[in-house]
Amino acid sequence: MSVLIGMCADDSRASVALAVPFLIRIATDPHHPHRADILGSLAAPARARHFGAASRDELLLHRSGSQHEVPDDYDDYGVEVTGYPAGWSVAAARSAITAATPVLLPLLSDSDPAVRIDASYVLATAADAGRSVRKAFVTRFAKEQDPMALAALVLATAETARAHPHRTDTAWIRELWQDRAQAPEVRLAASIGWLCLTDEPAPGDLHTTVDALATEERARAMDGLPWMTAAGCGEPGLLRCIRRTLHPDVPEPYDDPWAPLP
């Protein structure tokens, strides 16, 4: 099992893509001892590898530089170490997750918040032309109590909305970061999600919200969200996202020769 989990994180994309349907069975088996570990790794084969990228165009995308999910347009993924087109493996993994959406959706209501967060991350890679996944995210959001799980649902909604833009989703996410009654984690996730869904410049009140809420302690806590973990590179993922989305002219920390090593 540890080998399978490790394969999800390395470059063996073609072999992992073939295993995804079987890994889904394990992830959705409430009695399997490794279900949580498998679920936590399940989304990796269905995503592009950005290695810490966190700009507006990269954070919530399955691949860099596009807002669309056209199965025949995966050429910009390059090739795997075996020479196999990496995009084909990504498309296959995402197709398997899409087909398993009915059995994955109940995990959004699992008793374990970590499972709910990972389920959001996995389901965000599913094709959602009918909006059933996004509706499930919003429905769960209304019942969810855990701040981190709420933030995960916001980022998952924003990610799926990148593929099939919908004005309602963007408006809802904007309302969340403006709502002082929401948990700080939710408002921060909504701020980042909204920036990834629009080309509008960040308004002053968004800057104010982020500056007030994005403390170092909270940023490190939010590294528990898989989106933020993927964005981290020598600094908390949230702070990296903020720097690259709101302050793109600020150099990377390691570009400063006097900066301490991570």
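1. In this predicted model, the axes of H9 and helix H10 (residues 184-197) come within 8 Å of each other and cross at roughly 145 degrees, and the handedness of the crossing of H9 and H10 is left-handed. On the H9 side the residues involved are Thr170, Ile173, Arg174, Leu176, Trp177 and Gln178, and on the H10 side they meet Val186, Arg187, Ala190, Ser191, Gly193, Trp194 and Leu197. Sorted by class, the contact of H9 with H10 comprises 7 nonpolar, 4 polar and 2 charged residues.

2. The crossing of H8 and H9 is left-handed, and the contact is formed by Val154, Thr157, Ala158 and Ala161 from H8 together with Asp169, Trp172, Ile173 and Leu176 from H9. By class, the contact of H8 with H9 has 6 nonpolar residues, 1 polar residue and 1 charged residue.

3. The axes of helix H7 (residues 132-143) and helix H8 (residues 147-163) come within 9 Å and cross at roughly 160 degrees, which means that H7 is roughly antiparallel to H8. H7 passes H8 in a left-handed crossing. From H7 the contact draws on Arg134, Phe137, Arg140 and Phe141, and from H8 on Leu150, Leu153, Val154, Ala156, Thr157, Thr160 and Ala161. The residues of the contact of H7 with H8 divide into 7 nonpolar, 2 polar and 2 charged.

4. Turning to the chain as a whole, what pattern does it follow along the sequence? There are 14 helices and 0 strands, and the pattern reads α-α-α-α-α-α-α-α-α-α-α-α-α-α. Of the 262 residues of the chain, 50% count as buried. Among contacts with a separation of 6 or more, 63% are between residues 24 or more positions apart.

5. The largest nonpolar core holds 69 residues, of which Leu225, Met228 and Leu238 touch the most other members. The largest share of this core, 11 residues, comes from H8. As background, nonpolar side chains in soluble globular proteins tend to be buried together. When neighbours within four places in sequence are set aside, Leu225 is in contact with Ile117, Met148, Ala151, Ala152 and Leu155.

6. Is helix H14 (residues 237-246) mostly covered or mostly uncovered? H14 is mostly covered, with 8 of its 10 residues buried, and these are Gly237, Leu238, Arg240, Cys241, Ile242, Arg243, Thr245 and Leu246. The list should be read with care, as Arg240 and Arg243 are among the buried residues. Thr245, which lies in H14, is buried because its relative accessible area is 9%. Thr245 and Ala202 are 43 residues apart in sequence, and their C-alpha atoms are 9.0 Å apart in space.

7. Arg131, in the loop between helix H6 (113-123) and H7, has a positive phi of about 65 degrees although it is not a glycine. For context, most residues other than glycine have a negative phi. Ala127 also lies in the loop between H6 and H7, and its relative accessibility of 39% is why Ala127 counts as partly exposed. Leaving out residues up to four places away in sequence, Ala127 touches Arg94 and Thr98. The C-alpha atoms of Ala127 and Ala163 are separated by 8.1 Å, although the two residues are 36 positions apart along the chain.

Notes
Residues are numbered from 1 along each chain as its sequence is written. This is a predicted model: local features need pLDDT of at least 70, side-chain atom pairs count only at pLDDT 80 or more; totals for chains, interfaces and linings use all residues. Side-chain values use heavy atoms; hydrogens and water are left out. Axes are lines fitted to C-alpha atoms, for helices over the stretch in contact, and angles run from 0 to 180 degrees between N-to-C directions. Helices (H or I, at least four residues) and strands (E, at least two) are DSSP runs, numbered from the N terminus. Angles under 35 degrees count as roughly parallel, over 145 as roughly antiparallel, 65 to 115 as roughly perpendicular and the rest as oblique. A crossing is left-handed if the near helix is turned anticlockwise from the far one by less than a right angle, and right-handed if clockwise. Contact means heavy atoms within 4.5 Å. Ala, Val, Leu, Ile, Met, Phe, Trp, Tyr, Cys and Pro count as nonpolar, Asp, Glu, Lys and Arg as charged, and the others, Gly among them, as polar. A nonpolar core is a set of buried Ala, Val, Leu, Ile, Met, Phe, Trp, Tyr and Cys residues joined through side-chain atoms within 4.5 Å. Buried means under 20% relative accessible area, exposed over 50%, partly exposed in between (1.4 Å probe, protein chains only).
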